[in-house]
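I opened a new structure today and kept notes as I went. Here is what I looked up, in order.

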Amino acid sequence: MRDIRLLTQMFIPGTLIGPFTQANPGLGGVCTFVGEVRYDEGVEALELTHYEPLTLPGMHELADRAFDRFTLMGLLMVHRVGQMRPGEPIVCVSAAALHRRDAIDAVDFCMDHLKSAAWFWKRERRAGEWHWIEPRAQDAVDLARWQS
Amino acid sequence: MLLGKLADLGGAPALSLAGPLDWAGLKAALPAALAEAVDDPRNRVALNGALLADKHALQASSGDEIALLPPVSGG
């Protein structure tokens with residue numbers, strides 16, 4: 001079961017995770033990560049923009065790599081675009097496998113790549129002004145963990 | 001198409017330019033601040049939705065879509 005989506009509206013992760021788990025009968029484990037917009041000091045809103053021809057195809061390529069690298073039964077990868085407020089879910093990745101290590105590592109792998117290599121641009125609004133978020137050194141370190 | 005902070009430099013998320021355009025022609029047609037920014041090697045270019053391995057080899061015809069892509073945000 002493979003479900004890769006970009007969403008433009010707020011979503012409730014539980015409504016995705018339940019059906020995803022049900023769609024992988026016989027699984028040995030399911031691991032789910034949900035990322036939410038942090039309540040950072042002064043942040044009123046976060047906006048994610050994407051580039052249609054690259055962003056979703058890039059997520060599908062990432063899913064292909066996860067299926068190649070880990071022994072998975074299913075993968076759910078859902079990412080928001082548009083404007084969000086602190087506390088809203090921004091990303092949900094769930095992996096189902098026969099064994100826990102594949103499920104846990106696949107989610108970790110997908111998240112590191114979604115955060116630092118997927119085609120999303122973020123800006124946050126503080127005191128009514130938008131500020132672009134720049135890449136961080138930690139993102140490259142997170143990616144390097146998987147280059148072996 | 002101008003993504004991320006490059007849209008701010010261009011003053012809009014999309015600009016319409018007369019084709020055909022090569023790399024020099026594109027830079028000449030862009031606002032000065034944006035023309036300078038696109039030279040940064042971290043900024044990538046896609047033509048009709050496909051990333052260019054070498055943006056300097058750009059050859060766009062009339063009706064093509066050029067996307068200027070700054071580094072993704074991470075974190």
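Helices (H or I, at least four residues) and strands (E, at least two) are DSSP runs, numbered from the N terminus. Then the ground rules: this is a predicted model, where local features need pLDDT of at least 70, side-chain atom pairs count only at pLDDT 80 or more, and totals for chains, interfaces and linings use all residues. Residues are numbered from 1 along each chain as its sequence is written, while chains are lettered from A and ligands numbered from 1 in the order in which they are written.

**Sheet in chain A.** I started with β7 of chain A, residues 120-126, which pairs with β8(A) in the antiparallel sense over 4 bridges. I checked R126(A) and found its bridge partner in β8(A), E129(A).

**L46(A).** Next I picked L46(A), which sits in β3 (residues 43-50) of chain A. Is L46(A) buried or exposed? It counts as buried because it has 21 C-beta neighbours inside 10 Å; the cut-off is 20 or more other C-beta atoms within 10 Å for buried, 12 or fewer for exposed, and partly exposed in between, with C-beta atoms placed from the backbone. I listed what L46(A) touches, skipping residues up to four places away in sequence: V37(A), M84(A), K122(A) and E124(A). Contact here means C-beta atoms, placed from the backbone, within 7 Å. L46(A) and E124(A) are 78 residues apart in sequence, yet their C-alpha atoms are 4.4 Å apart.

**Where the chains meet.** I found 18 residues of chain A in contact with 14 residues of chain B. On chain A, α2 (52-69), α3 (100-117) and β7 each supply at least two residues of that side. I sorted the chain A side by class and got 11 nonpolar, 2 polar and 5 charged residues. For the classes, Ala, Val, Leu, Ile, Met, Phe, Trp, Tyr, Cys and Pro are nonpolar, Asp, Glu, Lys and Arg are charged, and the others, Gly among them, are polar.

**Chain B.** I noted 3 helices and 5 strands in chain B, running α-β-α-α-β-β-β-β from the N terminus. Of its 75 residues, 31% count as buried.

Note on methods:
Pairing = 2+ DSSP bridges. Contact = placed C-beta atoms within 7 Å.
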